[in-house]
Amino acid sequence: MQPGVPVDELDRAIVAALQLNGRAPWSLVARLVGASESTVVRRAALLGESGMLRVIGVVDVLRCGLGVPVLTRFRCRPGTTYDVAGAIAARPEARFVAVVSGAADCVAEFVVPDHAALGRVMVADVPGGDRVIESETHAVIRTFVSNHDWNPGVLDPKAAAELRDAAELPFEDRFRDGSPERLDELEQAIVQVLGQDGRMPYKALAAAVGSSESTAKRRVESLVRRGCLRFRTLAEPEVLGYAVEFMLWLEVEPGRLETAGQQLAAHPLTRYLSATTGRFNLAAQVALRHYGDLFRYMTDDVGSLPGLRAADVTLQLTTFKRAWVPTPAAPPDRKEP
(Lines give C-alpha, C1' and ligand atoms only; values in the text may rest on other atoms or scores of the structure.)
Protein backbone atom coordinates (compact mmCIF):
# COMPACT_ATOMS: atom_id res chain seq x y z
CA MET A 1 0.00 0.00 0.00
CA GLN A 2 1.28 3.47 -0.80
CA PRO A 3 2.06 5.31 2.44
CA GLY A 4 -0.29 8.19 3.18
CA VAL A 5 -3.01 6.97 0.79
CA PRO A 6 -5.93 5.63 2.85
CA VAL A 7 -8.32 3.15 1.25
CA ASP A 8 -11.81 2.59 2.67
CA GLU A 9 -14.53 0.08 1.93
CA LEU A 10 -15.99 2.12 -0.92
CA ASP A 11 -12.60 2.38 -2.63
CA ARG A 12 -12.17 -1.35 -2.20
CA ALA A 13 -15.60 -2.05 -3.71
CA ILE A 14 -14.88 0.19 -6.72
CA VAL A 15 -11.57 -1.58 -7.40
CA ALA A 16 -13.26 -4.96 -6.99
CA ALA A 17 -15.96 -4.01 -9.51
CA LEU A 18 -13.32 -3.00 -12.06
CA GLN A 19 -11.38 -6.19 -11.37
CA LEU A 20 -14.50 -8.09 -12.42
CA ASN A 21 -15.15 -5.90 -15.45
CA GLY A 22 -12.54 -3.30 -16.37
CA ARG A 23 -14.83 -1.41 -18.76
CA ALA A 24 -17.98 -1.53 -16.66
CA PRO A 25 -19.95 1.74 -17.02
CA TRP A 26 -19.60 4.05 -14.05
CA SER A 27 -23.37 4.00 -13.65
CA LEU A 28 -23.31 0.21 -13.18
CA VAL A 29 -20.38 0.38 -10.75
CA ALA A 30 -22.12 3.12 -8.75
CA ARG A 31 -25.34 1.13 -8.45
CA LEU A 32 -23.57 -2.03 -7.33
CA VAL A 33 -21.35 -0.34 -4.74
CA GLY A 34 -24.15 1.85 -3.37
CA ALA A 35 -22.77 5.31 -4.14
CA SER A 36 -23.50 8.13 -6.56
CA GLU A 37 -21.87 8.03 -9.97
CA SER A 38 -20.03 11.32 -9.31
CA THR A 39 -18.58 9.91 -6.08
CA VAL A 40 -17.43 6.73 -7.81
CA VAL A 41 -15.77 8.67 -10.63
CA ARG A 42 -14.03 10.99 -8.15
CA ARG A 43 -12.80 8.12 -5.96
CA ALA A 44 -11.52 6.16 -8.98
CA ALA A 45 -9.69 9.26 -10.24
CA LEU A 46 -7.97 9.73 -6.88
CA LEU A 47 -6.92 6.09 -6.82
CA GLY A 48 -5.59 6.46 -10.35
CA GLU A 49 -3.61 9.60 -9.52
CA SER A 50 -1.98 7.80 -6.60
CA GLY A 51 -0.93 4.93 -8.88
CA MET A 52 -3.12 2.46 -7.00
CA LEU A 53 -5.60 1.77 -9.80
CA ARG A 54 -5.31 1.48 -13.54
CA VAL A 55 -7.24 -0.38 -16.23
CA ILE A 56 -5.41 -1.38 -19.39
CA GLY A 57 -6.12 -3.49 -22.43
CA VAL A 58 -3.87 -6.54 -22.72
CA VAL A 59 -3.27 -8.77 -25.71
CA ASP A 60 -3.09 -12.54 -25.43
CA VAL A 61 0.35 -13.02 -26.96
CA LEU A 62 -0.10 -16.72 -27.69
CA ARG A 63 -3.52 -16.20 -29.26
CA CYS A 64 -2.12 -13.49 -31.53
CA GLY A 65 1.20 -15.16 -32.30
CA LEU A 66 3.15 -12.31 -30.72
CA GLY A 67 5.40 -14.33 -28.45
CA VAL A 68 5.68 -17.05 -25.83
CA PRO A 69 5.74 -16.51 -22.04
CA VAL A 70 8.33 -18.03 -19.72
CA LEU A 71 8.72 -17.83 -15.94
CA THR A 72 12.20 -17.48 -14.49
CA ARG A 73 13.45 -17.81 -10.91
CA PHE A 74 16.69 -16.00 -10.04
CA ARG A 75 19.13 -16.40 -7.16
CA CYS A 76 21.26 -13.31 -6.62
CA ARG A 77 24.44 -12.40 -4.83
CA PRO A 78 23.78 -11.09 -1.30
CA GLY A 79 22.73 -7.46 -1.26
CA THR A 80 22.07 -7.24 -5.01
CA THR A 81 18.51 -8.58 -5.35
CA TYR A 82 16.77 -5.22 -5.71
CA ASP A 83 19.36 -4.06 -8.26
CA VAL A 84 18.85 -7.25 -10.26
CA ALA A 85 15.05 -6.87 -10.09
CA GLY A 86 15.34 -3.27 -11.30
CA ALA A 87 17.55 -4.37 -14.20
CA ILE A 88 15.09 -7.09 -15.15
CA ALA A 89 12.10 -4.73 -14.92
CA ALA A 90 13.86 -2.34 -17.30
CA ARG A 91 13.89 -5.01 -20.00
CA PRO A 92 11.04 -4.69 -22.54
CA GLU A 93 10.59 -8.49 -22.56
CA ALA A 94 9.72 -8.51 -18.84
CA ARG A 95 5.96 -8.57 -18.23
CA PHE A 96 6.07 -9.34 -14.49
CA VAL A 97 8.89 -8.86 -11.97
CA ALA A 98 8.92 -9.36 -8.19
CA VAL A 99 11.46 -9.63 -5.39
CA VAL A 100 10.62 -12.75 -3.38
CA SER A 101 11.85 -14.70 -0.38
CA GLY A 102 12.49 -18.41 -0.24
CA ALA A 103 14.42 -20.66 -2.61
CA ALA A 104 14.56 -17.79 -5.13
CA ASP A 105 15.32 -14.09 -4.72
CA CYS A 106 13.54 -12.73 -7.77
CA VAL A 107 10.84 -14.05 -10.12
CA ALA A 108 10.07 -12.71 -13.58
CA GLU A 109 7.86 -13.50 -16.52
CA PHE A 110 9.34 -12.78 -19.93
CA VAL A 111 7.55 -12.76 -23.26
CA VAL A 112 9.95 -13.62 -26.08
CA PRO A 113 9.33 -14.01 -29.83
CA ASP A 114 10.07 -17.75 -29.63
CA HIS A 115 11.83 -20.16 -27.32
CA ALA A 116 15.08 -19.80 -29.28
CA ALA A 117 15.17 -16.15 -28.18
CA LEU A 118 15.68 -17.33 -24.60
CA GLY A 119 19.31 -17.91 -25.52
CA ARG A 120 19.77 -14.19 -25.96
CA VAL A 121 17.85 -13.16 -22.87
CA MET A 122 19.05 -15.80 -20.41
CA VAL A 123 22.50 -16.74 -21.72
CA ALA A 124 24.06 -14.09 -23.93
CA ASP A 125 22.56 -11.07 -22.18
CA VAL A 126 21.52 -12.14 -18.68
CA PRO A 127 19.54 -9.39 -16.89
CA GLY A 128 21.52 -8.41 -13.81
CA GLY A 129 24.81 -9.75 -15.20
CA ASP A 130 27.19 -11.43 -12.76
CA ARG A 131 24.99 -10.46 -9.81
CA VAL A 132 22.84 -13.46 -10.79
CA ILE A 133 24.18 -16.66 -9.25
CA GLU A 134 21.63 -19.01 -10.77
CA SER A 135 18.50 -18.94 -12.89
CA GLU A 136 15.82 -21.50 -13.63
CA THR A 137 13.42 -21.03 -16.53
CA HIS A 138 10.00 -22.64 -17.00
CA ALA A 139 8.19 -22.28 -20.32
CA VAL A 140 4.44 -21.74 -20.00
CA ILE A 141 2.63 -24.43 -21.96
CA ARG A 142 -0.93 -23.86 -20.77
CA THR A 143 -2.75 -21.16 -18.83
CA PHE A 144 -5.52 -22.42 -16.54
CA VAL A 145 -6.53 -19.03 -15.15
CA SER A 146 -5.24 -15.46 -15.48
CA ASN A 147 -5.31 -12.41 -13.24
CA HIS A 148 -8.06 -10.98 -15.46
CA ASP A 149 -10.42 -13.70 -14.28
CA TRP A 150 -9.86 -13.41 -10.53
CA ASN A 151 -12.84 -12.57 -8.33
CA PRO A 152 -11.47 -11.04 -5.09
CA GLY A 153 -14.71 -11.78 -3.24
CA VAL A 154 -15.28 -8.19 -2.11
CA LEU A 155 -18.71 -7.80 -3.72
CA ASP A 156 -21.65 -10.08 -3.08
CA PRO A 157 -22.24 -12.93 -5.57
CA LYS A 158 -25.20 -11.20 -7.23
CA ALA A 159 -23.19 -8.04 -7.98
CA ALA A 160 -20.23 -10.09 -9.15
CA ALA A 161 -22.43 -12.12 -11.50
CA GLU A 162 -23.93 -8.96 -12.99
CA LEU A 163 -20.48 -7.53 -13.68
CA ARG A 164 -19.23 -10.77 -15.15
CA ASP A 165 -22.33 -11.13 -17.32
CA ALA A 166 -21.46 -7.81 -18.91
CA ALA A 167 -17.80 -8.73 -19.34
CA GLU A 168 -16.01 -10.94 -21.82
CA LEU A 169 -15.65 -14.63 -20.97
CA PRO A 170 -12.29 -16.26 -20.19
CA PHE A 171 -10.68 -17.33 -23.42
CA GLU A 172 -7.51 -19.24 -22.55
CA ASP A 173 -9.13 -22.68 -22.75
CA ARG A 174 -11.55 -21.84 -25.56
CA PHE A 175 -8.84 -20.75 -27.95
CA ARG A 176 -5.71 -22.62 -26.93
CA ASP A 177 -5.99 -25.12 -29.81
CA GLY A 178 -6.93 -22.60 -32.50
CA SER A 179 -4.55 -21.10 -35.03
CA PRO A 180 -3.12 -17.69 -34.04
CA GLU A 181 -5.07 -14.58 -34.90
CA ARG A 182 -3.27 -11.92 -36.92
CA LEU A 183 -3.97 -8.30 -36.03
CA ASP A 184 -4.22 -5.82 -38.88
CA GLU A 185 -2.78 -2.31 -38.72
CA LEU A 186 -5.89 -0.73 -37.20
CA GLU A 187 -6.22 -3.47 -34.59
CA GLN A 188 -2.58 -3.06 -33.62
CA ALA A 189 -3.14 0.66 -33.15
CA ILE A 190 -6.25 0.01 -31.04
CA VAL A 191 -4.55 -2.42 -28.66
CA GLN A 192 -1.58 -0.08 -28.33
CA VAL A 193 -3.83 2.82 -27.28
CA LEU A 194 -5.93 0.68 -24.95
CA GLY A 195 -2.71 -0.63 -23.44
CA GLN A 196 -2.29 2.84 -21.96
CA ASP A 197 -5.91 3.44 -20.98
CA GLY A 198 -8.30 0.49 -21.06
CA ARG A 199 -11.32 2.66 -20.19
CA MET A 200 -10.82 5.17 -22.98
CA PRO A 201 -14.22 6.08 -24.49
CA TYR A 202 -14.80 4.90 -28.04
CA LYS A 203 -14.96 8.48 -29.32
CA ALA A 204 -11.49 9.25 -27.95
CA LEU A 205 -10.18 5.88 -29.13
CA ALA A 206 -11.46 6.55 -32.65
CA ALA A 207 -9.72 9.92 -32.72
CA ALA A 208 -6.48 8.35 -31.50
CA VAL A 209 -6.40 5.62 -34.16
CA GLY A 210 -7.95 7.60 -37.03
CA SER A 211 -11.23 5.73 -37.48
CA SER A 212 -14.92 6.33 -36.94
CA GLU A 213 -16.39 5.72 -33.50
CA SER A 214 -18.56 2.88 -34.78
CA THR A 215 -15.55 1.21 -36.41
CA ALA A 216 -13.47 1.51 -33.23
CA LYS A 217 -16.26 -0.03 -31.17
CA ARG A 218 -16.83 -2.83 -33.65
CA ARG A 219 -13.11 -3.67 -33.80
CA VAL A 220 -12.75 -3.75 -30.01
CA GLU A 221 -15.74 -6.08 -29.73
CA SER A 222 -14.22 -8.29 -32.44
CA LEU A 223 -10.85 -8.43 -30.66
CA VAL A 224 -12.56 -9.46 -27.43
CA ARG A 225 -14.77 -12.03 -29.13
CA ARG A 226 -11.79 -13.61 -30.92
CA GLY A 227 -9.88 -13.96 -27.67
CA CYS A 228 -7.22 -11.40 -28.57
CA LEU A 229 -7.99 -8.62 -26.09
CA ARG A 230 -8.85 -8.54 -22.40
CA PHE A 231 -9.04 -5.70 -19.89
CA ARG A 232 -6.76 -5.91 -16.86
CA THR A 233 -7.30 -3.93 -13.68
CA LEU A 234 -3.96 -3.15 -12.07
CA ALA A 235 -4.26 -2.79 -8.31
CA GLU A 236 -2.09 -4.27 -5.60
CA PRO A 237 -3.83 -7.05 -3.63
CA GLU A 238 -3.50 -4.96 -0.45
CA VAL A 239 -6.03 -2.51 -1.90
CA LEU A 240 -8.53 -5.37 -2.01
CA GLY A 241 -7.75 -6.51 1.52
CA TYR A 242 -5.16 -9.20 0.78
CA ALA A 243 -2.01 -8.84 2.89
CA VAL A 244 -0.01 -11.76 1.45
CA GLU A 245 0.83 -12.57 -2.15
CA PHE A 246 3.09 -15.40 -3.23
CA MET A 247 4.16 -17.65 -6.07
CA LEU A 248 3.42 -21.33 -5.62
CA TRP A 249 5.60 -23.84 -7.47
CA LEU A 250 4.35 -27.43 -7.65
CA GLU A 251 5.64 -30.72 -8.98
CA VAL A 252 2.70 -32.95 -9.91
CA GLU A 253 2.60 -36.40 -11.47
CA PRO A 254 2.18 -35.82 -15.23
CA GLY A 255 -0.88 -38.06 -15.48
CA ARG A 256 -2.68 -36.00 -12.83
CA LEU A 257 -1.55 -32.56 -13.97
CA GLU A 258 -4.85 -31.67 -15.65
CA THR A 259 -6.94 -32.68 -12.63
CA ALA A 260 -4.67 -30.88 -10.17
CA GLY A 261 -4.59 -27.80 -12.39
CA GLN A 262 -8.37 -27.62 -12.66
CA GLN A 263 -8.76 -28.05 -8.89
CA LEU A 264 -6.28 -25.30 -8.06
CA ALA A 265 -7.62 -22.98 -10.76
CA ALA A 266 -11.10 -23.21 -9.22
CA HIS A 267 -9.81 -22.10 -5.81
CA PRO A 268 -10.99 -18.53 -5.03
CA LEU A 269 -7.52 -17.44 -3.87
CA THR A 270 -5.79 -18.41 -7.14
CA ARG A 271 -5.02 -15.32 -9.19
CA TYR A 272 -2.93 -17.04 -11.88
CA LEU A 273 -2.09 -20.64 -12.74
CA SER A 274 -0.17 -22.17 -15.60
CA ALA A 275 1.34 -25.50 -16.54
CA THR A 276 5.04 -25.22 -17.24
CA THR A 277 8.08 -27.19 -18.32
CA GLY A 278 10.95 -27.80 -15.93
CA ARG A 279 11.38 -28.96 -12.34
CA PHE A 280 7.96 -27.54 -11.39
CA ASN A 281 5.09 -28.22 -13.77
CA LEU A 282 2.47 -25.94 -12.13
CA ALA A 283 3.14 -22.31 -11.25
CA ALA A 284 0.54 -20.21 -9.44
CA GLN A 285 0.14 -16.75 -7.99
CA VAL A 286 -2.00 -16.71 -4.85
CA ALA A 287 -3.32 -13.99 -2.53
CA LEU A 288 -4.26 -14.49 1.13
CA ARG A 289 -5.93 -12.04 3.48
CA HIS A 290 -3.65 -12.84 6.43
CA TYR A 291 -0.20 -14.35 6.87
CA GLY A 292 -1.71 -16.76 9.40
CA ASP A 293 -3.79 -18.29 6.59
CA LEU A 294 -0.70 -19.66 4.85
CA PHE A 295 -0.27 -22.78 6.99
CA ARG A 296 -3.88 -23.87 6.55
CA TYR A 297 -3.74 -23.12 2.82
CA MET A 298 -0.66 -25.29 2.36
CA THR A 299 -1.90 -28.20 4.47
CA ASP A 300 -5.54 -28.25 3.37
CA ASP A 301 -5.70 -26.77 -0.13
CA VAL A 302 -2.30 -27.61 -1.58
CA GLY A 303 -2.03 -30.83 0.40
CA SER A 304 -5.26 -32.14 -1.14
CA LEU A 305 -4.09 -31.78 -4.75
CA PRO A 306 -3.95 -35.14 -6.58
CA GLY A 307 -0.53 -36.39 -7.60
CA LEU A 308 1.40 -33.75 -5.63
CA ARG A 309 5.08 -34.60 -5.26
CA ALA A 310 6.66 -31.34 -4.08
CA ALA A 311 5.69 -27.73 -3.31
CA ASP A 312 7.70 -24.54 -2.96
CA VAL A 313 6.52 -21.08 -1.89
CA THR A 314 8.21 -17.77 -2.72
CA LEU A 315 6.60 -14.86 -0.87
CA GLN A 316 6.38 -11.65 -2.89
CA LEU A 317 8.13 -8.87 -1.00
CA THR A 318 8.07 -6.12 -3.61
CA THR A 319 6.44 -6.30 -7.03
CA PHE A 320 8.13 -4.09 -9.61
CA LYS A 321 6.04 -4.77 -12.68
CA ARG A 322 2.64 -6.24 -13.63
CA ALA A 323 1.39 -6.66 -17.21
CA TRP A 324 4.39 -4.64 -18.42
CA VAL A 325 3.39 -1.70 -16.20
CA PRO A 326 5.63 -0.53 -13.31
CA THR A 327 3.88 -0.68 -9.93
CA PRO A 328 3.84 2.16 -7.38
CA ALA A 329 6.63 0.30 -5.54
CA ALA A 330 8.90 0.19 -8.59
CA PRO A 331 12.01 2.39 -8.66
CA PRO A 332 12.24 5.25 -11.19
CA ASP A 333 12.99 4.39 -14.80
CA ARG A 334 16.52 3.21 -15.15
CA LYS A 335 18.86 1.66 -17.64
CA GLU A 336 20.60 -1.58 -16.85
CA PRO A 337 24.26 -0.95 -15.96
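Helices (DSSP H or I, at least four residues) and strands (E, at least two) are DSSP runs, numbered from the N terminus. The views show a predicted model, in which local features need pLDDT of at least 70 and side-chain atom pairs count only at pLDDT 80 or more, while totals for chains, interfaces and linings use all residues. Residues are numbered from 1 along each chain as its sequence is written, and side-chain values use heavy atoms, with hydrogens and water left out.

View A. Trp-324 is found in the loop between S10 and S11, and its phi is positive, about 75°, although it is not a glycine. At 33% relative accessibility, Trp-324 counts as partly exposed (buried means under 20% relative accessible area, exposed over 50%, partly exposed in between, with a 1.4 Å probe and protein chains only). Ala-323 is in the loop between strand S10 (308-322) and strand S11 (325-326). Ala-323 is not a glycine either, and has a positive phi of about 50°. Its relative accessibility of 9% makes Ala-323 buried.

**View B. The largest nonpolar core has 73 residues.** A nonpolar core is a set of buried Ala, Val, Leu, Ile, Met, Phe, Trp, Tyr and Cys residues joined through side-chain atoms within 4.5 Å. Those with the most contacts inside the largest core are Leu-155, Leu-205, Leu-248, Leu-282 and Tyr-297. Helix H1 (residues 9-20) contributes the largest share of this core, eight residues. Apart from this core lies another, of 21 residues, among them Val-84, Ile-88, Val-112 and Ala-139. Leaving aside neighbours within four places in sequence, the contacts of Leu-248 (heavy atoms within 4.5 Å) include Leu-264, Leu-282, Tyr-297, Met-298 and Asp-312.

**View C. Phe-74 and Phe-110 form an edge-to-face pair.** The model has five aromatic pairs, where rings of Phe, Tyr and Trp (its six-membered ring) pair if their centres lie within 6.5 Å; planes under 30 degrees apart count as stacked, over 60 as edge-to-face and the rest as tilted. The ring centres of Phe-74 and Phe-110 are 6.4 Å apart and the planes are at 75°, so the pair is edge-to-face. Phe-74 lies in strand S2 (residues 68-76) and Phe-110 in strand S4 (residues 106-112), so the pair ties together parts 36 residues apart in sequence. Phe-74 is buried, at a relative accessible area of 0%, and Phe-110 is buried at 0% relative accessibility.

View D. In H3 (residues 37-49), the buried residues are Thr-39, Val-40, Ala-44 and Leu-47. Exposed Ser-38 and Glu-49 are carried on the face of H3 turned away from its buried side. Val-41, also in H3, counts as partly exposed at 33% relative accessibility. Gly-51 follows H3 and has a positive phi, near 85°.

View E. In helix H11 (residues 257-265), Leu-257, Ala-260, Gly-261, Leu-264 and Ala-265 are buried. The buried residues of H11 pack against strands S5 (132-145), S7 (244-252), S8 (270-276) and S9 (282-288), and against helix H12 (293-302).
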